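Please read them with the coordinates open.

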Amino acid sequence: MQNKPQVALSSNPFDIFVVGARKGFHIATHNLMPNVVMAYVIAEMLNLLGVMGFIGKVFAPVMGLFGLPGEAITVLLTAWLSSSAGTGVAVSLLAKGVLTGIDITILAPAIFLMGSQLQYMGRLLGVSDVPKKYWPLLMLTSVINAVIAMLVMRLIA
């Protein structure tokens, strides 16, 4: 069995900052960016295939409750899978003029309140031995919190 080399911990604030910055850069480039790029590409494909327009028409009544265009549902659905993917779709729709800054303001709390639900369910609830019968209720709680946040943000924005 090989021993891993021990890294000397420095109390120098500059060294601590550099180590933290390297870790942050690693997380950004290996975890966040792939999700954002993937979401951006999917949003582009949906747009090119005309699916985004169809989704917008179908979900316009529901998303209209929050003062949002129907296409905004794609932000919420992708955010449910990954917060960074939801952010990528939101940026894509903002760049196309489908969403405005106010729309993003309404969506932002929802992205993070219900973001990455599928990823976290197995990682957190499975490890903590939460019975699976409670998982849907926990997911629903996050979605309800996101809906409330979007309603509040609509009033404020």
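**Core and helix α7**

1. In this predicted model, the largest nonpolar core comprises 25 residues, and those with the most contacts inside it are Met63, Leu68, Val75, Leu76, Leu107 and Met150. The elements giving two or more residues to this core are α1 (13-48), α2 (51-64), α3 (73-81), α4 (83-95), α5 (101-113) and α7.

2. Helix α7 spans residues 135-156, and its 22 residues reach 32 Å from the first C-alpha to the last, which is close to the 32 Å expected at 1.5 Å a residue. The buried residues of α7 are Trp135, Met139, Ser142, Ala146, Ala149, Met150 and Met153; seen down the helix axis, the buried residues of α7 fall within an arc of 100 degrees, so they line one face of the helix. On the other side of α7, Pro136, Leu137 and Leu155 are exposed.

3. Ile156, which also belongs to helix α7, counts as exposed because its relative accessibility is 62%, where the cut-off for exposed is over 50%. The C-alpha atom of Ile156 is separated by 8.9 Å from that of Ile106, although the two residues are 50 apart along the chain.

4. Concerning ring interactions, a search of the whole structure finds 0 aromatic pairs, whereas the charged end of Lys132 sits over the ring of Trp135, at 5.7 Å from the ring centre.

Methods: Residues are numbered from 1 along each chain as its sequence is written. This is a predicted model: local features need pLDDT of at least 70, side-chain atom pairs count only at pLDDT 80 or more; totals for chains, interfaces and linings use all residues. Side-chain values use heavy atoms; hydrogens and water are left out. Helices (H or I, at least four residues) and strands (E, at least two) are DSSP runs, numbered from the N terminus. The expected span of a helix is 1.5 Å times one less than its number of residues. Buried means under 20% relative accessible area, exposed over 50%, partly exposed in between (1.4 Å probe, protein chains only). The arc is that of the directions from the helix axis to the C-beta atoms. Rings of Phe, Tyr and Trp (its six-membered ring) pair if their centres lie within 6.5 Å; planes under 30 degrees apart count as stacked, over 60 as edge-to-face and the rest as tilted. A charge sits over a ring if NZ of Lys or CZ of Arg is within 6 Å of the ring centre and within 35 degrees of the ring normal. A nonpolar core is a set of buried Ala, Val, Leu, Ile, Met, Phe, Trp, Tyr and Cys residues joined through side-chain atoms within 4.5 Å.
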